[in-house]
Amino acid sequence: MVDLDTRVRPESPSPTTAPATRRRPRRQLLPYLLLIPAVVLELLIHIVPMLVGIFISFLHLTQFYIANWRQAPAAGLSNYRYALDFNQAAGKELLHSFLITLVFTVVVLAVSWALGMAAAVFLQRPFPGRAIIRTIFLIPYALPVFASVITWNFMLQRDNGVVNHVLVDQLHLVGGDRPFWLIGPNSFYSLVIVEVWRTWPFAFLMLTAGMQSISQDLYEAAGLDGAGVWAQFRGITLPMLRPVNRVLLLVLFLWTFNDFTTPYTLFGRGAPRQADLISMHIYQNSFVTWNFGTGSAMSVLLLLFLLVITGGYLRIANRGAQDA
Amino acid sequence: MRGTRFTATAVGVLATMTLVAACSSSSGGGGGSGKGATLTYWASNQGTSLDNDKQVLAPELAKFTKQTGIKVNLKVVPWSDLLNNILTATTSGKGPDVLNIGNTWSASLQATGAFVPFDDSVMNQIGGKGRFLAGSLSATGAAGQAPTAVPIYSLAYGLYYNKKYFAAAGISQPPTTWTEFVADAKKVTTPQHWGLSVEGGSVSENIHNVFTFSQQEGGAFFDSAGKPTFDTPQNVAAIKRYLDFIRTDKITNPSNAEYAQGTEALADFAKGKSAMVLWQAASGSLAQLGMNAADIGVAPMPLPDPTPAGGKKVTSMVAGINLAVFKTTKHMDAALKFVKFMTSTPEQKVLNKTYGSLPSVQDAYSDPAFKTPAVDTFKSILSTSAAPLPAVASESQFETLIGTAVKNMLADAASGKSVSDADISSQLKAAQQQLN
């Protein structure tokens, strides 16, 4: 990779001999040729559907037109007005769902990162059994999402679930009625717990990988200077992991914010209002009520929001990296 | 990679469908006798499981192949996926040749223009309109248009009750009014079992019950011009009755609010965990679930007493399953032959007997299997006190919106949160705003 990189870099000093100059264009063409399949697929799989989605968001695409949606009448901005009119039910619900998703994402991100970091630090130095513990930590990430989340669904059921069995029947921690976990206010916490359970191993994996590149000498030197564990963590581990964290936090944010599979598997088609994540909300609005125009408008709004967040974040993070 | 990146996927699905649609410039139309053709048939889940449906249908499909030489590729689709799959197939133009639909979706799906209209000439090809029960034929599309489906299984809601529990509580007759119903249900609610089980997490069960209750209160969700009228005192009263089973009557286990599989409330009844259930004709499923036939009693759903102003004597929706043919089929003749076969008198007898539903064609009722008290009860409900769900194009959205709102309110009620009449009213208003 590195070789190829330096060869195609346009500003790389070119050889001055005549034959080499003649060969240069062909050499430069090859990498681009090799990129073509990827670019075509990227266009087909990501860009074209996105453009189609943006196009649909300006249409009145309901069940009357789905068999031939090119005949759907233009809607102008009415789908956007509908989605963003916070005085009406639809807009209010979208805002509610957006705020729930934001809180959900921040909590999941913070807890997953903290857990991942703690586990990575704990397993940084070799000790007997480290490989086994690492493997165990990674299991939630390796399991197929449907299988694991359906198991959570069984565990969280009110009457027959193991969670209530332990909390209510064995430990007697909860008095009065058995709590619900899949409906009502607790459904939000259930979703957070399942999502953290699924997400933190990835943070752990990335941070562990990042720590491999931190030289042991640094810690030894710091140790000689009298730095304690906490000082070493703050002075060496955290700064050295900054590039990893920069990517990790962004990726986790996007994944968590957009996650659909976990709530869909945990709650079925209609999520409880308290755990109505935005992806589920948009699904309800397009596929369940057959209004693909408004669903697409909401998707586009979500896309814009994520673009702004991502752009702003990268800008700030890069500035931070240059300052450092 | 993990998770579904939704933004991309939602639009991606649509775009892919478009590409697929563009690539398949399908040419419908006839195909001779259809001999040697292979039809794809999406069956809905009528038995106790998808496998059970395959076992029931396989020998019948083999008969059809033997008679006509047309092969049938069967796929049983669970109810939770059926509507979505139909939508996807409609968009892409790549669907099955023949499929089952819930009869309440008829008008909505008719509006998509995806199905073959059964005008008189098509009806004649499958044996004529006159063979079918008029009531079931009323739920095959909007009034004044050629239906886009024909009834295959007819169903109605009834009140199933456990005779053993009733006798033990000293109750000799099933209740006929809601006041009696609640009093009886309280008597049969014991530490071992509840009075009534409901499928509280199921959007469709919720909407079916609330629709019937609303009719009894004199309510309607759409006016005669097809305009939505969700937020009315009658509809609030209907939803209140449903929530009260859990809240104030305390005859239903609050955990029922989690039941969303579409089978759990019935299973509770069959296993003796509840004494009553409001369900569509289910003798086949109850037998499969191992319930003793002698314990099963069935009666029409209770009515309010006194009858509210404008209240109708409705104890069920017109329930049932219809058979439709996709316009994009390349084997029109074969598809119609299959429809004719599935609605033929002998097949109607076999299939409805197995599933415990009612035949949709008159002649099948000559069979002694359809002369039982339970069948008589359901047949009389269907012919005297069943009302079809609104035959408007936005019917399936209405079902989803109200059914989901009721599901959420039931969840609140089950977890002890108070749901006032004003709350119900504002939920109905919000649902109506989302209908467009």
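**Exercise 1. Find the handedness of the crossing of H4(A) and H8(A), and describe how the two helices pack.**

Step 1. The crossing of H4(A) and H8(A) is right-handed; a crossing counts as right-handed if the near helix is turned clockwise from the far one by less than a right angle, and left-handed if anticlockwise. This is a predicted model, in which local features need pLDDT of at least 70 and side-chain atom pairs pLDDT 80 or more, while totals for chains, interfaces and linings use all residues. Residues are numbered from 1 along each chain as its sequence is written, and chains are lettered from A and ligands numbered from 1 in the order in which they are written.

Step 2. Helix H4 (residues 89-122) and helix H8 (residues 186-212) of chain A have axes that come within 7 Å and cross at roughly 45 degrees. Helices (H or I, at least four residues) and strands (E, at least two) are DSSP runs numbered from the N terminus. Axes are lines fitted to C-alpha atoms, for helices over the stretch in contact, and angles run from 0 to 180 degrees between N-to-C directions.

Step 3. H4(A) and H8(A) are therefore oblique to each other (under 35 degrees is roughly parallel, over 145 roughly antiparallel, 65 to 115 roughly perpendicular, the rest oblique).

Step 4. Among the residues that make the contact are Phe104(A) and Trp113(A) of H4(A) and Glu195(A) and Trp200(A) of H8(A). Contact here asks for C-beta atoms, placed from the backbone, within 7 Å. By class, the contact of H4(A) with H8(A) has 17 nonpolar, four polar and one charged (Ala, Val, Leu, Ile, Met, Phe, Trp, Tyr, Cys and Pro are nonpolar, Asp, Glu, Lys and Arg charged, the others, Gly among them, polar).

**Exercise 2. Work out how H10(B) and H16(B) pack.**

Step 1. The axes of H10(B) (residues 233-244) and H16(B) lie 10 Å apart, at an angle of about 40 degrees. That makes H10(B) oblique to H16(B).

Step 2. This crossing of H10(B) and H16(B) is right-handed.

Step 3. From H10(B), Ile239(B), Tyr242(B) and Leu243(B) meet Val406(B), Met409(B), Leu410(B) and Ala413(B) of H16(B). The contact of H10(B) with H16(B) has seven nonpolar, no polar and no charged residues.

**Exercise 3. Which element of chain B gives the most to the side that touches chain A?**

Step 1. Start with the totals: 45 residues of chain B are in contact with 48 residues of chain A.

Step 2. Elements giving two or more residues to this side of chain B include helix H1 (6-23), helix H16 (395-414) and helix H17 (421-433).

Step 3. H16(B) gives the most, with 10 residues. By class, this side of chain B has 17 nonpolar, 23 polar and five charged residues.

**Exercise 4. Trace the open sheet of chain B.**

Step 1. Six strands are ordered E2-E1-E3-E10-E4-E11, with mixed pairing; two strands pair if DSSP finds at least two bridges between them.

Step 2. E2(B) (71-77) and E11(B) (358-359) are the edge strands, each pairing on one side only.

Step 3. Seven bridges join E1(B) (residues 38-44) to E2(B), and the two run parallel. Trp42(B) stands opposite Lys75(B) in E2(B).

**Exercise 5. Is Ala139(B) buried or exposed?**

Step 1. Ala139(B) is found in the loop between helix H6 (134-137) and strand E4 (150-155) of chain B.

Step 2. With 26 other C-beta atoms within 10 Å, Ala139(B) is buried (20 or more for buried, 12 or fewer for exposed, partly exposed in between, with C-beta atoms placed from the backbone).

Definitions and conventions:
Contact = placed C-beta atoms within 7 Å.
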